[in-house]
Amino acid sequence: MAANPGRTDSQQVFLAPQLPLGTHLWVTRDNSERWECVQVVSQDNTILKVAPDGSADDVFEVDLGFHELHYANPRVVSDMTSLYHIHEAGILHNLNERMDPADTHPYTFMGTVLIAVNPLRRIPGPELSAYQDVPLNPEAPHPYALAEMAYQQLSLAMKAAEQDAAKGSNQAIVISGESGAGKSETAKIVLRYLTSRGGCAPGEGSLDDRMIKTAPVLEAFGNAKTVRNPNSSRFGKFMKLQF
């Protein structure tokens, strides 16, 4: 059977499902790594004509056989495991929307993983009491929530260890990220919460205050300036709290 010169390779090989006009998709174009949200204008088998939202004159083609594209999510969520479509573009868009300057939410859950986007400004935090003795709430992502979950698990392990020492277990919270992401600030927030749950009163001279004040001593051994952070740690920090 002779190939039809008027059709692309993918059109001759594949039979694509019909997408409703107006369907929102995430695509890239011109070998760019930047995702664009577009609407389907028309479809000829595997060839879609799409246009960015609010730009009907900027129509371009996307080949379903060769382009990477994803469905857009209908809403922004605080726990991204509840996204209809979980993919790179959807995750980045969800995080970006939650950082709206008019209503900034720097923390977002992905299950029990907390993603923090540094707002580069001071944002009022919730009261510690709002997270104490309550289960993990996917609608209220914050370092306090993970610190409380770790504390509750530790409390259960301590009660079990009273019956059988072999059942006791430790809890660990790993805080990681690139330079300037806010690791040190997040560690302070977690430390403040855990010391409070352990019965230490906050304020000058408190346990968390004394631990935080050790930072300049550690920084003297290996901090450096980067393009994103003038005082970037060149090492990992390990803090151990005994309850």
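A: Just after H4, Gly 199 takes a positive phi of about 100°; here helices (H or I, at least four residues) and strands (E, at least two) are DSSP runs, numbered from the N terminus. This is a predicted model, in which local features need pLDDT of at least 70 and side-chain atom pairs count only at pLDDT 80 or more, whereas totals for chains, interfaces and linings use all residues. Residues are numbered from 1 along each chain as its sequence is written, and side-chain values use heavy atoms, with hydrogens and water left out.

Among the buried residues of H4 are Ile 189, Val 190, Leu 191, Tyr 193 and Leu 194, where buried means under 20% relative accessible area with a 1.4 Å probe, protein chains only. The buried residues of H4 pack against strand E6 (107-110), helix H3 (143-163) and helix H5 (207-212), contact being heavy atoms within 4.5 Å.

Tyr 193 and Leu 194 also belong to the largest nonpolar core, of 14 residues, and are among the members that touch the most others, as are Phe 109, Leu 114 and Tyr 144. E6, H3 and H4 each supply at least two residues of this core, and its largest share, five residues, comes from H3. Such a core is a set of buried Ala, Val, Leu, Ile, Met, Phe, Trp, Tyr and Cys residues joined through side-chain atoms within 4.5 Å.

How values were computed
Buried means under 20% relative accessible area, exposed over 50%, partly exposed in between (1.4 Å probe, protein chains only).
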